[in-house]
Amino acid sequence: MSTETNSLARITWSDPTSGTVKEFVLMEGATATIGRHASNDICIPEQHVSRQHAVINYRSGMFVLTDLGSANGTFLNDQQVAQPLPLVAGDVIRLYVPVLQFSALVSDDERREAERNGTLIAATTSTGKGKLIITNGPQEGNIIPLLLRTVRIGRATSKADWEIGLQDLSVSRPHARMELTEKHWMVYDLGSSNGTFVNDTPVNEKGRLLRDGDKVTFGNTVALFREA
């Protein structure tokens, strides 16, 4: 007899080509990226889906859906996601065409089945290592490892001396700074013209703590922060 575990959630997607139903189980604290590229936790190999399309991560006791600047948009219950939105049981996530179902409760049997199938998505442990994945902008698809304890981000120019150069005219020179404090990353805005945002919330000079799966925006460039 199976029991339900309140700390888990399930994403279900039916592949329209093969008819295969795929289920992904999210542990408490998990981050699940969704997109066309095979590196995503939930890979949807469909032409309308961006390489890195959206992300679901765990914040303040709930799972939240964020669009990553996708070309065709992310929709929750047929309303376009313009800012991070909390998920509740029965929600329908649409990536322009592909549809995913969100369930808030998962049985122990379903969790064990996901573990056997390799579709169990667990929480990431902070190790101090991280990376930025550019999800929208001129360098879309680029993966930038965070190898130093302090990195500055700014517009790529011939005289730039910052560690990360972005080929984006909306990015200032320099724009932002990221620092590793113990095992956690912080991001600070450096008085940029167009602002630095985390999950669409402005960042000031006092900084903002980054968590796995956060969306970070520098000007018009959108990046996904991942713990290594």
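The structure is a predicted model, in which local features need pLDDT of at least 70, side-chain atom pairs count only at pLDDT 80 or more, and totals for chains, interfaces and linings use all residues. Residues are numbered from 1 along each chain as its sequence is written, and side-chain values use heavy atoms, with hydrogens and water left out.

Aromatic contacts are taken up at the outset. Rings of Phe, Tyr and Trp (its six-membered ring) pair if their centres lie within 6.5 Å; planes under 30 degrees apart count as stacked, over 60 as edge-to-face and the rest as tilted. The count by this rule is 2 aromatic pairs. Tyr58 pairs edge-to-face with Phe63, at 5.0 Å centre to centre and 70° between the planes. Phe63 also pairs edge-to-face with Phe102, at 6.3 Å centre to centre and 65° between the planes. Phe63 belongs to strand β7 and Phe102 to strand β12 (residues 99–103), so this pair ties together parts 39 residues apart in sequence. Strands (E, at least two residues) and helices (H or I, at least four) are DSSP runs, numbered from the N terminus. Tyr58, Phe63 and Phe102 make up one aromatic cluster.

Buried means under 20% relative accessible area, exposed over 50%, and partly exposed in between (1.4 Å probe, protein chains only). Phe63 is buried, because its relative accessibility is 6%. Phe102 is buried too, with a relative accessible area of 3%. Tyr58 is partly exposed at 24%.

Thr74 sits in the loop between β7 and β8. Its relative accessible area is 0%, so Thr74 is buried. The side chain of Thr74 makes a polar contact with the side chain of His53, at 3.3 Å. A polar contact is a pair of N or O atoms within 3.5 Å; within protein, one must be able to donate a hydrogen and the other to accept it, and residues adjacent in sequence count only if both atoms are side-chain atoms. Contact in general means heavy atoms within 4.5 Å. Not counting residues up to four places away in sequence, Thr74 touches His53, Ala54, Leu65, Asp67, Gln79, Gln80, Val81, Ile93, Arg94 and Leu95.

Two arginines lie over aromatic rings. A charge sits over a ring if NZ of Lys or CZ of Arg is within 6 Å of the ring centre and within 35 degrees of the ring normal. Arg94 lies over the face of Phe75, at 4.4 Å from the ring centre. Arg177 lies over the face of Tyr188, at 4.5 Å from the ring centre.

Other loops carry backbone features. Asn77 is in the loop between β8 (75–76) and β9 (79–80). Its phi is near 50°, a positive value in a residue other than glycine. Asn77 is partly exposed, at 41% relative accessible area. Asp200 is in the loop between β21 (196–198) and β22 (201–203). Asp200 has a positive phi of about 70°, although it is not a glycine. Asp200 is partly exposed, with 30% relative accessibility. A cis peptide bond joins Arg173 and Pro174, with omega about -5°. Pro174 is in the loop between β18 (164–166) and β19 (176–181).

Ser60 lies in the loop between β6 (54–59) and β7 (62–67). Ser60 counts as exposed because its relative accessibility is 73%. Ser60 and Trp13 are 47 residues apart along the chain, and their C-alpha atoms are separated by 26 Å.
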